[in-house]
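Please keep the sequence and the structure in view while reading.

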Amino acid sequence: MLSLGFDIGGTTIKAGVVDENYVITRKTARPTPKSDPEAMCGLIAAVAAELAGGDCDIDTVGVTVPGSVDKDGGIIDAWNIGLRNVPLKKMIEARIHARRVIVRNDADAAAEAELLLGALKGVETGVMLTLGTGVGGCLVLGGRLFHGGLDRGTELGHAMLDRGGLLCGCGHRGCIETLCSATALKRMAEKAAEGGEGMIARLAGEGALVDAKLLIDCAENGDELALKLFDGYTDALADAVASFVNVLDPQVIVIGGGISAAGDFLLDPLRRKVPGKCFFGSCGSIIKAQAGNDAGIIGAVI
Ligand SMILES: [Zn+2]
């Protein structure tokens, strides 16, 4: 019996076959169709058929979305992919014959993967932040993922960090997401590229893709401007993490998502900065997500 996981991101849908030991045995990716629920479901059905390769015995189709999901597997709001009030689970059930269809928030899925296999295994109280196109986040309480008192999940990325700050995709201003996402780093990189000075501008002039990775790469290579920008980024992220530490006093803070690929280059400044911003002057361990880039695909089917 097959389990198929789909991780819908702001730019790419990653999908894979997940075996009974939660290992991905086959994988594929497609660009994310935006603002079109029918196209989204059609693509999921087509990729499911491709991954199943004629095997009709599908046990689970799990889909993670970068947005809030209700208890019936419907999308409440996923602005990064332009979907709002979409009964995604029902639409997939109408197209794919499977024993079980699951639709869940992407950060929740990543945390489920960490609870089962990775950095949150055995943890009673934890916080996880996923730094991607947006900022996802979830809480582990009593060793289990906390889905919110009204079952809509937790939106840590939309806690306020900068009152009256930049407009967030959610419609509010100054959310953590506006300063701590890959999109925020990309915005900084674009500004640096326009400024014409430093390694970011030079590489952009040579045709490099101007994104979060370019800024991080230049900072790791010691470029002064990139280092300064990245220092501002980790300052903002440390403020955000410290707020959650003060709320929950977690044993572990897990950092996942695309930006976590920077590893200790990202985590060491956080480990240095966060304790000083916390009420107790100390905090639990700050560690990188361990289920890796495929946590969304695996977490979708758990
Ligand atoms: Zn927001």
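Helix 8 and helix 9 are oblique to each other, because angles under 35 degrees count as roughly parallel, over 145 as roughly antiparallel, 65 to 115 as roughly perpendicular and the rest as oblique. The model is a predicted one, in which local features need pLDDT of at least 70, side-chain atom pairs count only at pLDDT 80 or more, and totals for chains, interfaces and linings use all residues. Residue numbers start from 1 along each chain, following the sequence as written. Helices (H or I, at least four residues) and strands (E, at least two) are DSSP runs, numbered from the N terminus.

Two packed helices are described by the angle between their axes and the distance between the axes. Helix 8 spans residues 224–248 and helix 9 spans residues 264–277; their axes come within 8 Å and cross at roughly 50 degrees. Here axes are lines fitted to C-alpha atoms, for helices over the stretch in contact, and angles run from 0 to 180 degrees between N-to-C directions. The crossing of helix 8 with helix 9 is right-handed. A crossing is right-handed if the near helix is turned clockwise from the far one by less than a right angle, and left-handed if anticlockwise. The contact involves, among others, Leu237, Val241 and Val245 of helix 8, and Leu266, Leu270 and Val274 of helix 9; residues are in contact if their C-beta atoms, placed from the backbone, lie within 7 Å. By class, the contact of helix 8 with helix 9 has nine nonpolar, one polar and four charged residues. In this division Ala, Val, Leu, Ile, Met, Phe, Trp, Tyr, Cys and Pro count as nonpolar, Asp, Glu, Lys and Arg as charged, and the others, Gly among them, as polar.

Helix 1 (residues 37–52) and helix 2 (residues 88–95) pack at about 45 degrees, with their axes 10 Å apart. Helix 1 is therefore oblique to helix 2, and their crossing is right-handed. Pro37, Cys41, Ile44 and Ala45 of helix 1 meet Met91, Ile92 and Arg95 of helix 2. This contact consists of six nonpolar, no polar and one charged residues.

Helix 1 lies across strand 1 (2–8), strand 2, strand 3 and strand 4 (58–65), running at about 150 degrees to strand 3. Helix 2 lies across strand 4 and strand 8, at about 155 degrees to strand 8. An open sheet of five strands has the order 3-2-1-4-8, with mixed pairing; two strands pair if DSSP finds at least two bridges between them. Its edge strands, strand 3 (24–31) and strand 8 (98–105), each pair on one side only. Strand 2 (residues 12–18) is joined to strand 3 by seven bridges in the antiparallel sense, and Val17 has Arg26 of strand 3 as its bridge partner.

Where does strand 9 stand, buried or exposed? Six of the six residues of strand 9 (residues 126–131) are buried, so this strand is largely enclosed by the rest of the structure. A residue is buried if 20 or more other C-beta atoms lie within 10 Å of its own, exposed if 12 or fewer, and partly exposed in between, with C-beta atoms placed from the backbone. Gly126, Met128 and Thr130 point one way from strand 9, while Val127, Leu129 and Leu131 point the other way. Strand 9 pairs with strand 10 (residues 135–141) in the antiparallel sense over six bridges, and the two form a hairpin with three residues between them. Strand 9 also runs parallel to strand 12 (residues 252–256), to which five bridges join it.

How values were computed:
Contact = placed C-beta atoms within 7 Å.
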